[in-house]
Amino acid sequence: MPTATFRFYAELNDCLAPRVRGRSFDHAFQGTPAVKDVIEALGVPHVEVDLILVNDRSVPFDHRLDDGDRVAVYPVFETLDVATVQKVRPEPLRETTFLADAHLGKLARILRLLGFDTVYAQALDDSAIAARAARERRIVLTRDRALLKRSAVQHGYWVRSEDPEAQAREVVQRFDLGRTARPFNRCLSCGATLTPVDKDQVLPRIPPRVRAWRDTFLLCTGCAKLYWKGTHHRRLKTTIDRILGKPASGINQGESAG
Ligand SMILES: [Zn+2]
């Protein structure tokens, strides 16, 4: 049977069987499969891959493997100089927006807290998630690698951790989001943006104890939920700073669940 030698780099090894992690290994195949299919058969979703070298030359996903090929597979490197090589995926996304799989509700809320446009796919099955992500050009976030192997999914990330805050840190680092975070700008419930609203306009909705000591209120443009800076704010700010890797700091403008 024809055989190629594979080597996967950096975090792509997380997806491989333990015995082949971090080293070169031989893999037998039948016929002349596309390199993408063999990579996915080994456990690595194509959305994790940014660069494939076959015999030291960069190739696209549909490159056909030959007996004796040496294949090196690289993840997305933010700083990799790729001017001279061919990346396997189309153009990068301009604005980073997400679609979080059904089991990632807490992660979706944290990403919204950080200001990122995030759809929570609570009621969508895999094919609907893939279709909506492609239509709206969103990055699929999931702990289900089978979902990321669907060809309709162009941009995605396999979330490693099971802890929501650690998941958010992963996403921020993977997509280099530290500088683009806009905390307290989105509704945690529906993900729409918040807009300032006159206190007088929403007075009946403000609990009496809050009316006395708050003048700044934000209204969700999607579900009309009302936000103000309340008792949760300091804790949320601390969480945000931990995720973005900032030292603890003072209070910005903000919100609390209303
Ligand atoms: Zn809302």
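**Nonpolar cores and positive-phi residues**

R137 is partly exposed, with 13 other C-beta atoms within 10 Å. The structure is a predicted model, in which local features require pLDDT of at least 70 and side-chain atom pairs count only at pLDDT 80 or more, whereas totals for chains, interfaces and linings use all residues. Residues are numbered from 1 along each chain as its sequence is written. Burial is assigned from C-beta atoms placed from the backbone: a residue with 20 or more others within 10 Å of its own is buried, one with 12 or fewer is exposed, and one in between is partly exposed.

R137 lies in the loop between helix 3 (126-136) and strand 8 (139-142); helices (H or I, at least four residues) and strands (E, at least two) are DSSP runs, numbered from the N terminus. Although not a glycine, R137 has a positive phi of about 55 degrees. Most residues other than glycine have a negative phi. A positive phi of about 55 degrees is also found at D176, likewise not a glycine. D176 occupies the loop between helix 5 (164-174) and strand 10 (194-197) and is exposed, with 12 other C-beta atoms within 10 Å.

A nonpolar core is a set of buried Ala, Val, Leu, Ile, Met, Phe, Trp, Tyr and Cys residues joined through C-beta atoms within 7 Å. The largest such core comprises 48 residues, of which V73, L99, A100, L107, L111, V140 and L141 touch the most other members. Helix 2 (residues 105-113) supplies the largest share of this core, five residues. Apart from this core lies another, of eight residues, including L194, F217, L218 and Y227.
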